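Notebook open, structure loaded. I'm jotting down what I looked up, in the order I got to it.

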Amino acid sequence: MSTNDPLESSDGSLQGFTKDGLAELDTQFHKLVDDGKLANVIILIARHGEIIHRDAYGVHDVSAAVPVPVKTTSIYRIASMLKPIMATAMMMLWEEGLWALEDPVSKFVPEFSNLKVKVEKEGGRIELVDQDTPMNMKQLMSHTAGFVGRGEYDANHMRKGDLQDMINILITLPLAFQPGKEWRYGPSVDVQGYIIEKLTGQLLDGFLAQRLFTPLEMVDTGFVLPASKLARLVNNHKDDGTGQLVSVPLEGTYNTTRPKFIGSGMAILSTLDDYFRFSQMLLNGGEFEGKHYLKPSTIELMRTSVLEPGVHLKTGAHVIENLGFGLGVAIVQNQVQRMSSQKVGSYFWGGLFGTWFWIDPTNQVVVVGFINDIDWSKKVPFPREICAKWVYKALKE
């Protein structure tokens, strides 16, 4: 059930990684599959622009009568790993002078001009107050614009229509906090998608394809899966309630035609190599295989925290004090709890179904890892941390 194809350099090294160390990394994840905690896992590691390790282990569908092994070319749902891609698209337009970090968001979404902020007063009384200062684009790019967590909007069915329908719903709801004063993982990136469409006159998926996916040759990344690629799509998985891992039927988990809502990630599909190409472009300072996408200074800006003093990322009720957040990515500022093996200066994000990536500029390392499991956090709480621990144990020089 395992495939790997490390590309060795002529001196027998793997860009400073050891064979034994990489084998131990694989062993750690293979055991999670063998123990029934995961259906599969695929991982790619690159250093100095060279892919030095790929591994795939497990099967597409644990419930299938005849299980099909995953490959490093299998297609996965990457969900919120679209968000750094969206940030990159936004920064392309920033470089073109179409928006500025301090611009009010209402410059591009006039309907937001009169958004109020919900404040809970003594005795539980709710009062709607004006924004202290209008939400700006820097806050929209860093999840500090004032929107509540996306899940809290589910009852409003924001993703049932198109991006304009989403805006029409958001303007009927108050902000959850004063812009800039908290970090909440809400619909900000969907709003970015709306702004991209307004600034370019293109549909969001068309713009991403034209400016990023096609020139980067991310040939398997998109919002619609052709029938010719269906056999490469892994099933999502979940716990059946008794601790048994079962697959989710493929039907309804991917799009055969363009969905009405193209937003921040629920429908996006990709592969290890596609996401590596995007990540390596960022690590290269905005260039890949002779094509230019962003300036190095723009990448530096993206991976510099823009959070106000005292504002921290949160996962549920857990505050992570020593992570920063830039323009579309989280940044390791110290060897923090739950991210303790990722190196300071690395930037990263993940997806709803367990996918992850990080870029380590100091060591010139890119790592991409994919699983697809609805309940992964209950069984394997921090796959990125497991991966980082063993990646850096394997890196000797």
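Which residue in S18 does Ile-359 stand opposite? I found Val-366 there.

**Ground rules.** I'm working from a predicted model, where local features need pLDDT of at least 70, side-chain atom pairs count only at pLDDT 80 or more, and totals for chains, interfaces and linings use all residues. Residues are numbered from 1 along each chain as its sequence is written, and side-chain values use heavy atoms, with hydrogens and water left out.

**Confidence.** I checked pLDDT (the predictor's confidence in each residue, from 0 to 100). The protein averages 93, and 95% of the residues score at least 70. Over residues 5–11 pLDDT stays under 50, and there the model has 12 contacts beyond four places in sequence; contact here means heavy atoms within 4.5 Å.

**Strand S17.** Helices (H or I, at least four residues) and strands (E, at least two) are DSSP runs, numbered from the N terminus. Buried means under 20% relative accessible area, exposed means over 50%, and partly exposed lies in between (1.4 Å probe, protein chains only). I looked at both faces of S17 and each is covered: Trp-356, Trp-358 and Asp-360 are buried on one side, Phe-357 and Ile-359 on the other.

**Its partners.** Two strands pair if DSSP finds at least two bridges between them. S16 (residues 347–350) runs antiparallel to S17, with 4 bridges joining them. Phe-348 has Trp-358 of S17 as its bridge partner. The S16–S17 hairpin leaves 5 residues between the strands, and Gly-354 in the turn has a positive phi of about 105 degrees. On to S18 (residues 365–370): this strand pairs with S17 in the antiparallel sense too, over 5 bridges. That hairpin has 4 residues between its strands.

Gln-364, in the loop between S17 and S18, has a positive phi of about 55 degrees although it is not a glycine. I noted Gln-364 as partly exposed, at 26% relative accessible area. His-48 also has a positive phi, near 55 degrees. I found His-48 in the loop between S2 (40–47) and S3, partly exposed at 47%.

**Pockets.** I took a pocket as an open set of points on a 1 Å grid over the protein atoms alone, where a 1.4 Å probe fits, with protein on both sides within 12 Å along at least five of seven lines; lining residues have an atom within 4 Å of a point. Grid points are joined across faces, edges and corners, and a volume is the space filled by probe spheres set on the points. The largest pocket has about 1200 Å³. Its lining has 37 residues, with Tyr-185, Lys-314, Thr-315, Trp-349 and Trp-376 nearest the centre. S12 (313–315), S16, H9 (376–379) and H10 (383–394) each give two or more residues to that lining.

The second largest pocket holds about 610 Å³. I counted 30 lining residues there, and Arg-150, Arg-159, Phe-261, Met-266 and Ala-267 lie nearest its centre.

**Last stop, Val-68.** Val-68 sits in the loop between S3 (50–58) and S4 (76–77) and is partly exposed at 45%. Beyond its neighbours within four places in sequence, Val-68 is in contact with Gly-58, Val-59 and His-60.
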